[in-house]
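Biologist: Could you walk me through the spaces and helix contacts in this model? I would like to follow along with the structure on my screen.

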Amino acid sequence: MDKAKVFFFVLSLSLCGCDRVKDFVSKRDLTYHFDAPASVWEETFPLGNGRIGLMPDGGVDRENYVLNEISMWSGSRQNTDNPEAARSLPEIRRLLFEGRNDEAQELMYETFVCGGEGSGRGNGARQPYGSYQLLGNLRLAYSCGGEKEEVSGYRRELNLDNAVATVSFKKGKTTFRREAFTSFAADLAVIRLCADREKALNLSLTLDRPERYTVSPKGSDLQMSGRLFGGDSLKAPEGIAYGARVRVILPRDGQQIISNDTLLQVKNASEIILLTGMVTDYFGKEVNGQLDSLFQAVEHKKYEQLRNEHEAAYRGLFDRVRVDFGHVKKKETLPINQRLEAFHREGNDPSLLALYYQFGRYLLISSTRPGGLPPNLQGLWCNTIQTPWNGDYHMNINVQMNLWPAESGNLPELHLPLVEWTKQQVESGRRTAKVFYNARGWVTHILGNVWEFTAPGEHPSWGATNTSAAWMCAHLYSHYLYTQDRTYLAEVYPVMKEAALFFVDMLTEDPRSRYLVTAPTTSPENAYVMPNGKNVNVCAGSTMDNQILRELFGNVVEAAGILGVDGDFVQIIASMRSRLMPTTIGPDGRIMEWLEPFKESEPHHRHVSHLYGLYPASEITPDRTPDLAEAARKTLEARGDESTGWSMAWKVNFWARLRDGEHAYKLLTDLLTPCMQNGFNYSKGGGAYPNLFCSHPPFQIDGNFGGAAGIAEMLVQSRNGYIEFLPALPAAWETGFFSGLCIEGGGEVAARWQNGHWQTGEVKAHTGGHFRIKLPTDRFEMKVTVNGNPISYPVTDGVLEVPLQPEDVLVLQL
C-alpha cells in the first residue's frame with residue numbers, strides 16, 4: 001500500500017439520517033401470513049416476550065395455544081465428578097503423543113467422562129440432566145355457527161412490527177377475528193376474540209400437558225399446576241414447580257361457568273379477553289404468589305391499554321433497525337408457504353430476505369430478556385416433554401450462534417442473559433477443572449443446562465471439547481467492544497481471566513512439535529482417519545482450539561491493559577500464546593483442521609470448526625492474511641454448501657467475511673429452502689419450515705440467528721479495525737438501505753445504495769473515539785459532514801479516520 005497517497009474530502013448536507021431512514025419501510029414488509037390453519041406445529045406462529053411463549057394454531061372450530069416458559073426445565077443440580085479422569089490424564093496424553101490416538105480415545109471412553117448419565121444422549125427429560133419442555137396447552141373449542149357452515153376469507157398473520165398474531169375468517173354470515181400477543185409490559189399472554197354479530201361467541205377451554213399436572217378452579221380462573229421430574233437432586237427430591245392460570249374477561253356481555261373443575265365455558269359473548277399467566281419457581285419465587293401479582297397488576301386495565309403498552313415496550317427494541325432490499329409486490333402478497341416455494345423455484349424476492357433478517361431479530365427479542373435465561377436450542381418454543389437434544393445450551397457453536405445478531409442488530413441488552421448465564425457456570429466449572437484436569441481456573445465442555453452442568457459429556461467423541469468456556473468469554477468481550485463500557489468490563493474480566501488460567505495449567509507441550517496443545521480435545525464432532533484406517537475424534541490439539549485460545553489470551557491481555565491490572569499474568573499468557581501452533585495451510589491448500597494433515601472421515605461435515613478464525617473471530621481476513629483467506633475459501637468449497645440449517649447459516653457469515661456476496665446470498669437462498677422434515681438429519685435437509693423456523697432438521701433456532709447475523713455481515717463489518725459498508729452486497733439487492741446496525745467501537749450506522757453502488761453512509765457515535773471508515777477503492781470524491789458541518793480529514797490507504805464525541809453524526813455522501 002502507498003501510505004503517501006492521502007486524499008482529503010470536503011463536506012455537504014446530510015441526505016441520510018438514522019432516524020428518518022426508518023420511516024420508509026412499509027409495514028407490509030414486516031408481516032407474513034397463511035391462508036389456512038396450522039396442520040403441524042411448524043406452521044404455528046411464535047409469540048414471546050423473552051420469558052413466556054405462545055404458539056397458536058389458528059384452528060376454526062378447535063384451537064390450540066402451546067404455552068412455554070423459558071425456565072421450564074426438568075432435572076436438577078447433580079454431582080458429575082469422575083476422579084478417574086484426572087488419574088488417567090497422563091496416560092491419555094502419552095498415548096496421543098505416541099500417535100496411538102485410537103487407544104487414547106478408548107481409554108477416555110472408560111475414564112474421561114462425566115459421572116452419572118450425563119445428558120442421556122439427548123434424552124435427559126427423565127435424567128438429572130433434565131430437558132427444556134413445554135409448559136402445556138391452552139385448548140379452545142368454539143361453538144360458533146353450524147359445523148357445516150362454509151368458512152371463507154381465512155387469513156392468519158404474524159406482524160413483526162407489533163408482535164401481534166391475528167386470525168380472521170367468515171363462517172356463515174359472521175366474521176370472526178382473534179388477536180394474540182405475549183405482553184412485553186404486563187408479562188401475560190393476551191388473547192382477544194370478537195365477532196361482528198352480537199353474542200356470537202361460545203366456547204369452552206381447558207389446560208393440559210402430557211404429564212405431571214392438575215387442573216383446578218382458582219376463584220373464577222382456571223389453573224394448571226405441577227412439579228417436574230427432578231432426579232437424584234442435590235436440592236430436593238422433586239424438580240421445579242410451575243403454574244399456568246387463565247382468566248376470562250367479558251367486557252360487554254356473556255356468561256362464564258366452570259364445569260367439573262377442569263373446563264371453563266363462556267356463552268353468548270360479543271367479545272372475550274383471555275389472560276394467561278405462566279411461571280415457575282426456578283428463580284426462587286413461589287408460584288401462586290407470582291401469578292397473583294401478575295393479575296393484580298392488570299386488574300383495572302382494558303384491552304386497548306394492554307395492547308398499547310405491549311406495543312410500546314416491544315417497539316422500543318424492534319424499531320431500532322430497518323432494512324430494505326427492494327420489492328416484488330406480487331411475491332409479497334403470497335401466503336408464506338407459497339412464497340417460500342416461489343422463492344425456491346424462481347428467486348427474485350428481495351424483501352423476503354429483509355423479512356428473514358427482521359424475523360431473526362424478532363425471535364431474539366421474543367426469546368430472551370435481561371434478568372432471564374438466554375435462548376436455548378429452540379429459543380423458548382417447544383411442544384414436547386423431550387425436546388430435541390434436551391433443548392439445552394450446546395456450546396460448540398449453537399448457543400453462541402444464538403447471540404450472534406445481538407450486538408450488530410442493536411439489541412445489546414439481550415446479550416446480557418448469556419453473559420450472566422456464563423458467570424453462573426464459573427463455580428461449577430472450577431470444580432470440573434480441578435476434578436478432571438487438576439487445574440486452576442474454570443472450564444466447561446459442550447453441554448450446558450440450567451443446572452450448571454460443566455463436565456465432559458458422556459461420549460468423548462463429542463463431549464471432550466474443552467474450549468467452550470473460552471468461546472463463551474469471547475461473547476463477554478464482544479459486548480464490551482460494541483459498548484465500550486469499562487464498568488461492565490471490570491465485572492466480566494475475572495471470568496475471562498479464570499478461563500485463561502485454566503489453560504495456563506491445562507496446556508501441555510507436545511514433544512513432537514514443541515507446541516503447546518490442548519490434550520485431550522476434539523475438533524467438534526468431526527473425526528479423522530488414522531494411518532491404520534481407524535476413525536478417531538480425540539486428538540492432541542486442534543486448529544479451532546488454537547484459534548479460540550489466541551483470541552482468549554489476546555482479549556485478556558487487551559482487557560487487562562484497559563483496566564490496568566495483572567501485568568505478570570499478562571506476560572505469562574502472552575508467552576504461551578506465542579507457543580500455540582499457528583493456523584496452517586495443508587498440502588491440499590486448505591486450512592488444516594487438526595495439527596497434523598489427517599484426512600477427514602466426513603469431508604462434508606456440518607461443523608467447519610477450523611474456520612473459527614474467519615468467523616466469529618477475525619484472525620483470518622482478506623486484507624491482513626490473504627493466503628489464509630484463500631485457503632479458507634478452498635476449505636469452504638471442499639466442505640460444500642448443503643448441510644444442516646445452522647451450518648449453512650454459519651457459511652453465510654464465512655462467505656460474507658471473504659467479501660463474496662454472491663456465495664453468501666446463495667447460501668441464504670439455501671437456508672430458505674422449504675422443508676417439512678422432522679426427523680434427525682446430521683448432514684443435509686436444512687432449510688426453513690413454513691413458519692420460518694430453521695430446520696436442522698428438526699427445528700433448531702440457531703440457524704435463524706446465524707442467518708440474521710450473516711445478513712448484517714453482508715451489509716457492514718467492523719472487526720478489522722475499520723468500518724466497511726456493503727462488504728458483501730449481492731446483485732439481487734441492487735438498491736436498498738439499512739439503518740440502526742451497530743459497530744464495534746460504540747456506534748450505529750446507516751447506508752443507502754443504488755444500482756449496486758454505495759451512495760451514502762452515516763455513523764452515529766454512542767461513545768467518543770476515533771472512527772475509521774474504509775472507502776470504496778474506485779470512488780474517492782466524497783462529501784463529508786459531522787453534525788451538519790463540513791470537515792476535511794485525511795484518508796490513508798483508503799481509510800478515513802474521524803474523531804467523534806458521543807452523539808456526533810458523521811455523514812458521507814458519494
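**Helix contacts and open spaces**

Modeller: Let's begin with a pair of helices: α13 passes α14 in a left-handed crossing, where left-handed means that the near helix is turned anticlockwise from the far one by less than a right angle, and right-handed that it is turned clockwise. Helices (H or I, at least four residues) and strands (E, at least two) are DSSP runs, numbered from the N terminus. This is a predicted model, in which local features need pLDDT of at least 70 and side-chain atom pairs count only at pLDDT 80 or more, while totals for chains, interfaces and linings use all residues. Residues are numbered from 1 along each chain as its sequence is written, and side-chain values use heavy atoms, with hydrogens and water left out.

Biologist: How are α13 and α14 oriented to each other?

Modeller: Their axes come within 9 Å and cross at roughly 160°. Axes are lines fitted to C-alpha atoms, for helices over the stretch in contact, and angles run from 0 to 180 degrees between N-to-C directions. Angles under 35 degrees count as roughly parallel, over 145 as roughly antiparallel, 65 to 115 as roughly perpendicular and the rest as oblique. The angle therefore makes α13 and α14 roughly antiparallel.

Biologist: How many nonpolar residues are in the contact of α13 with α14?

Modeller: Contact means heavy atoms within 4.5 Å. On the α13 side the residues include L476 and Y480, and on the α14 side they include L489 and F503. Ala, Val, Leu, Ile, Met, Phe, Trp, Tyr, Cys and Pro count as nonpolar, Asp, Glu, Lys and Arg as charged, and the others, Gly among them, as polar. The contact has one charged residue, two polar and 12 nonpolar.

Biologist: And how are α4 and α7 oriented to each other?

Modeller: Helix α4 (residues 303–318) and helix α7 (residues 350–367) have axes 10 Å apart, at an angle of about 125°. In their contact, Y314, L317 and F318 of α4 meet Q358, R361, Y362 and I365 of α7. The angle therefore makes α4 and α7 oblique.

Biologist: Which helix gives the most to the lining of the largest pocket?

Modeller: A pocket, on a 1 Å grid over the protein atoms alone, is an open set of points with protein on both sides within 12 Å along at least five of seven lines; a cavity is a set where a 1.4 Å probe fits but cannot get out, and lining residues have an atom within 4 Å of a point. The largest pocket is lined by 43 residues, with L481, S618, S718, R719 and E744 nearest its centre. Elements that each supply at least two lining residues include α15 (543–563) and β31 (769–774). The top contributor, with seven residues, is α13.

Biologist: What volume does the largest pocket have?

Modeller: Grid points are joined across faces, edges and corners, and a volume is the space filled by probe spheres set on the points. The pocket's lining has 16 nonpolar, 16 polar and 11 charged residues. Its volume is about 950 Å³.
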